[in-house]
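Please open the structure in a viewer and keep the sequence beside it.

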Amino acid sequence: MTATGWTLDELTARVAAALEGTAYAGAPNGRVRDVPDARAIRWYATIGLVDRPTMRGRTALYGPRHLAQLVAIKRRQSEGRRIADIQIELAEAPDALLWEIADLPKHEQPRTRFWTEPPAPHTPPPAPPPALLSGVPLSGDVTLLLPGTPGPDDVAAIQAAAQPLLDLLAARGLTREPARDPSPERGSVQ
C-alpha cells in the first residue's frame with residue numbers, strides 16, 4: 001500500500017490473496033468470476049455496492065474498507081446470493097459487519113481513528129467511603145473534628161492545647177464567646 005492507498009491492480013491482487021486458501025468455494029455457477037476484475041470493481045462502485053475510491057490526480061486509490069467490501073461480496077456470491085440481495089445487505093454497511101462477513105485477518109483491518117469516535121462518557125472514580133469523624137468540643141461554638149476517636153485523656157489534652165486558638169478566634173470576633181482573660185486563674189486546665 002502506498003502512503004494513501006492501493007491502485008486498482010494492487011486491490012485486485014489483495015482480494016485474490018484474501019480469498020485464496022480460505023473456505024471460499026468460488027461462485028456456484030460459471031456466470032460469476034471467483035475474483036472481481038477491474039471492470040467489476042468499477043461497476044460495484046457505480047451501483048453503490050463498493051465505496052468510490054479516493055483520487056490522486058487520475059489515479060484511483062483504494063483502502064482496507066474497499067478490500068473488505070469486495071471480499072464480503074465474493075463470499076456472499078459463493079453462497080448463491082444474487083447481487084441485488086447483496087446490495088441491500090452491504091451497501092453502506094458498517095466496517096464491523098464487513099469484516100465479519102469478509103473474515104479478513106486482523107492486519108488487514110484499518111486502525112481506528114480515535115478522533116472520529118465519540119468519547120466515552122466520563123465517569124469519575126468512585127469516592128472513597130467517608131471517614132467517621134469524632135467531634136471534640138473546644139468551646140460552646142467551636143468543635144474540632146478528628147478522623148479517629150480520641151480517649152478521655154486525649155480530649156483533655158486537646159482542649160488545653162486549643163485554648164490559645166480559642167482566644168485568638170474570640171479576639172478576632174470569629175466566635176460568639178468573648179475572649180478570655182489570659183490570667184491562669186480563670187478556666188485553665190492543668
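A residue is called buried if its relative accessible area is under 20%, exposed if it is over 50%, and partly exposed in between, with a 1.4 Å probe and protein chains only. By this rule, 31% of the 190 residues of the protein chain count as buried. The model is a predicted one, in which local features need pLDDT of at least 70 and side-chain atom pairs count only at pLDDT 80 or more, while totals for chains, interfaces and linings use all residues. Residues are numbered from 1 along each chain as its sequence is written, and side-chain values use heavy atoms, with hydrogens and water left out.

**The whole chain**

Begin with a cartoon view of the protein chain. Helices (H or I, at least four residues) and strands (E, at least two) are DSSP runs, numbered from the N terminus. The protein chain has seven helices and four strands. Read from the N terminus, their order is α-α-β-β-α-α-α-β-β-α-α. Contact here means heavy atoms within 4.5 Å. Among contacts in the protein chain with a separation of 6 or more, 55% are made by residues 24 or more positions apart.

**Helix 1 against helix 3**

Select residues 8-19, which form helix 1, together with residues 64-78, which form helix 3. Axes are lines fitted to C-alpha atoms, for helices over the stretch in contact, and angles run from 0 to 180 degrees between N-to-C directions. The axes of helix 1 and helix 3 are 10 Å apart, and the two helices pack at an angle of about 50 degrees. Angles under 35 degrees count as roughly parallel, over 145 as roughly antiparallel, 65 to 115 as roughly perpendicular and the rest as oblique. Helix 1 and helix 3 are therefore oblique to each other.

The crossing of helix 1 with helix 3 is right-handed. A crossing has this name if the near helix is turned clockwise from the far one by less than a right angle, and is left-handed if anticlockwise.

Now show the side chains. Helix 1 contributes Leu-11, Arg-14, Val-15, Ala-18 and Leu-19 to the contact, and helix 3 contributes His-66, Leu-67, Leu-70, Val-71, Lys-74 and Arg-75. By class, this contact of helix 1 with helix 3 holds seven nonpolar, one polar and three charged residues. Ala, Val, Leu, Ile, Met, Phe, Trp, Tyr, Cys and Pro count as nonpolar, Asp, Glu, Lys and Arg as charged, and the others, Gly among them, as polar.

**Helix 3 against helix 5**

Which residues of helix 3 and helix 5 meet? From helix 3 come Pro-64, Arg-65, Ala-68, Gln-69, Val-71, Ala-72, Arg-75 and Arg-76, and from helix 5 come Asp-95, Leu-98, Trp-99, Ile-101 and Ala-102. The contact of helix 3 with helix 5 divides into eight nonpolar, one polar and four charged residues.

**Two loop residues with positive phi**

Next, select Glu-92 in the loop between helix 4 (83-90) and helix 5. Although not a glycine, Glu-92 has a positive phi of about 60 degrees. Glu-92 counts as exposed, at 75% relative accessibility.

Move on to Asp-103, in the loop between helix 5 and strand 3 (134-137). Phi of Asp-103 is also positive, near 55 degrees, in a residue other than glycine. Asp-103 is exposed, with a relative accessible area of 57%.

Select helix 6, residues 152-161, and find Asp-154 in it. Asp-154 is partly exposed, with a relative accessible area of 41%. Its C-alpha is 9.6 Å from that of Val-136, 18 residues apart in sequence. Helix 6 also holds Ala-161, which counts as exposed at 61% relative accessibility.

Finally, select Thr-175, in the segment after helix 7 (163-171). Is Thr-175 buried or exposed? At 15% relative accessibility, Thr-175 counts as buried. Leaving aside residues up to four places away in sequence, Thr-175 touches Asp-141, Val-142, Leu-169 and Ala-170.
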